[in-house]
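Student: Could we go through this model step by step, moving from the overall fold to single residues?

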Amino acid sequence: MKNYNKFKQKGKNLFKVFPNSPIKNQPILFLIIGSTAVLIDTCSYLFLFYLIGSINLSKFVSFIMGAVFSYYGNKNITFNVKAKKLTPVYFSLVYSISLGLNIFANSFSIYLFQNKETISILVSFFIATLISALFNFVMLKFFVFNKRIK
């Protein structure tokens with residue numbers, strides 16, 4: 001058990017981007033976890049689409065896979081908290097709202113560009129992702145994984 005705890009602590013120390021610094025690591029860790037979750041979502045989507053050929057089913061399953069990684073990564077690494085009974089429910093609620101916010105921001109941004117050229121779509125995707133990522137960080141930090149909320 002002692003070796004496991006030492007290993008676990010060393011693993012957490014790997015993610016200390018600015019050790020002994022007043023700069024908070026959470027935004028950087030959140031970015032790393034989130035980027036990895038997007039990569040898992042994208043790769044699993046492409047693999048599943050190739051494997052089964054269903055766009056909607058592939059996207060649904062890949063989104064869930066990315067969200068599960070995000071939950072455990074942010075719980076254990078970014079915010080380093082122990083989950084309470086309702087934590088997964090709160091996380092799912094935040095991610096559901098974030099998904100709706102992302103879709104709305106993407107659609108509205110494309111509407112403002114008044115065209116569907118590749119650059120407009122990519123800029124809209126980036127804007128929507130940025131908005132939902134900021135929303136997720138604030139909600140996960142102060143609501144879902146807040147150590148003070150019982």
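Student: Which residues are buried in α3?

Tutor: Bear in mind throughout that this is a predicted model. A residue counts as buried when its relative accessible area is under 20%. By that cut-off, the buried residues of α3 are S58, S62, G66, A67, S70, Y71, G73, N74, K75 and T78.

Student: Which helices do the buried residues of α3 pack against?

Tutor: The chain contains five helices and zero strands, and the order along the sequence is α-α-α-α-α. For the buried residues of α3, the packing partners are α2 (26-52), α4 and α5.

Student: What lies at the start of α3, and how far does the side-chain oxygen of S54 lie from the backbone nitrogen of L57?

Tutor: A polar contact requires a pair of N or O atoms within 3.5 Å. At the start of α3, a side-chain oxygen of S54 approaches the backbone nitrogen of L57 to within 3.3 Å.

Student: Which residues make up the largest nonpolar core, and which elements give two or more residues to this core?

Tutor: The largest nonpolar core has twelve residues in all, namely F30, A67, Y71, F79, V81, F91, V94, Y95, F137, L140, V144 and F145. The elements that each supply two or more residues to this core are α3 (55-78), α4 (87-113) and α5 (118-144).

Student: Is K147 buried or exposed?

Tutor: K147 sits in the segment that comes after α5. The cut-off for an exposed residue is a relative accessible area over 50%; because K147 has a value of 55%, the residue is classed as exposed.

Student: What is the separation between the C-alpha atoms of K147 and N80?

Tutor: N80 follows α3 and has a positive phi, near 50°. K147 touches F79, N80 and V81, when residues up to four places away in sequence are not counted. Although K147 and N80 are 67 residues apart along the chain, their C-alpha atoms are separated by 9.1 Å.

Student: For the whole chain, what share of the contacts with a separation of 6 or more comes from residues 24 or more positions apart?

Tutor: Buried residues make up 26% of the 150 residues in the chain. Among contacts with a separation of 6 or more, the share from residues 24 or more positions apart is 62%.

How values were computed
Residues are numbered from 1 along each chain as its sequence is written. This is a predicted model: local features need pLDDT of at least 70, side-chain atom pairs count only at pLDDT 80 or more; totals for chains, interfaces and linings use all residues. Side-chain values use heavy atoms; hydrogens and water are left out. Helices (H or I, at least four residues) and strands (E, at least two) are DSSP runs, numbered from the N terminus. Buried means under 20% relative accessible area, exposed over 50%, partly exposed in between (1.4 Å probe, protein chains only). Contact means heavy atoms within 4.5 Å. A nonpolar core is a set of buried Ala, Val, Leu, Ile, Met, Phe, Trp, Tyr and Cys residues joined through side-chain atoms within 4.5 Å. A polar contact is a pair of N or O atoms within 3.5 Å; within protein, one must be able to donate a hydrogen and the other to accept it, and residues adjacent in sequence count only if both atoms are side-chain atoms.
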